[in-house]
Amino acid sequence: MVGVARAGRLTMYRNLELEVPAHVVVPTCAKCGAEWIDEAAAKALDEALERVYESKLRTRLDAALEKILSEEEARHAWSEFSEFRLATCPS
Ligand SMILES: [Zn+2]
């Protein structure tokens, strides 16, 4: 067993597939690459993944909010334009 910290390790956390942060050390078999999640590794993984999970949710939330706000803006712009047309168009 050797402690391995590297990028590109994916794991399921709650309902998302997340990348294990590159700095998290996971005991790994030097021969076959099997990971051995002992109590300390589990704790480190949990804490690291919780942070990744939260920032991922925040990113998604930001994207969703941005979309809602820009749609809202477009609606306002359109209704202002329509009101302007109603006020100025003689027909
Ligand atoms: Zn092995």
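The secondary structure of this protein, a predicted model, comes to 1 helix and 4 strands, where helices (H or I, at least four residues) and strands (E, at least two) are DSSP runs numbered from the N terminus. Read along the sequence, the pattern is β-β-β-β-α. The radius of gyration, taken over C-alpha atoms, is 25 Å, well over the 12 Å that the globule rule gives for 91 residues, so the protein is more spread out than a compact globule. That rule is 2.2 Å times the number of residues to the power 0.38. Along the principal axes, the C-alpha atoms fill a box of roughly 85 × 20 × 20 Å.

Residues are numbered from 1 along each chain as its sequence is written. Because the model is predicted, local features need pLDDT of at least 70 and side-chain atom pairs count only at pLDDT 80 or more, while totals for chains, interfaces and linings use all residues.

Burial comes next. A residue is called buried if 20 or more other C-beta atoms lie within 10 Å of its own, exposed if 12 or fewer, and partly exposed in between, with C-beta atoms placed from the backbone. Buried residues make up 4% of the 91 residues. Helix H1 covers residues 39–88 and is hardly covered, with 2 buried residues among its 50.

Leu49 sits in H1 and is buried, because 21 other C-beta atoms lie within 10 Å. Setting aside neighbours within four places in sequence, Leu49 is in contact (C-beta atoms, placed from the backbone, within 7 Å) with Tyr13, Leu18 and Val20. Pro21 is 28 residues from Leu49 in sequence, yet their C-alpha atoms are 7.6 Å apart. Across the protein, 44% of the contacts with a separation of 6 or more join residues 24 or more positions apart.

Strands pair if DSSP finds at least two bridges between them; E2 and E3 run antiparallel and are joined by 5 bridges. Arg14 lies in the loop between E2 (9–13) and E3 (16–20), a hairpin with 2 residues between the strands. Most residues other than glycine have a negative phi. Arg14, although not a glycine, has a positive phi of about 50 degrees. Arg14 is also exposed, because 9 other C-beta atoms lie within 10 Å.

Definitions and conventions: Two residues are in contact if their C-beta atoms, placed from the backbone, lie within 7 Å.
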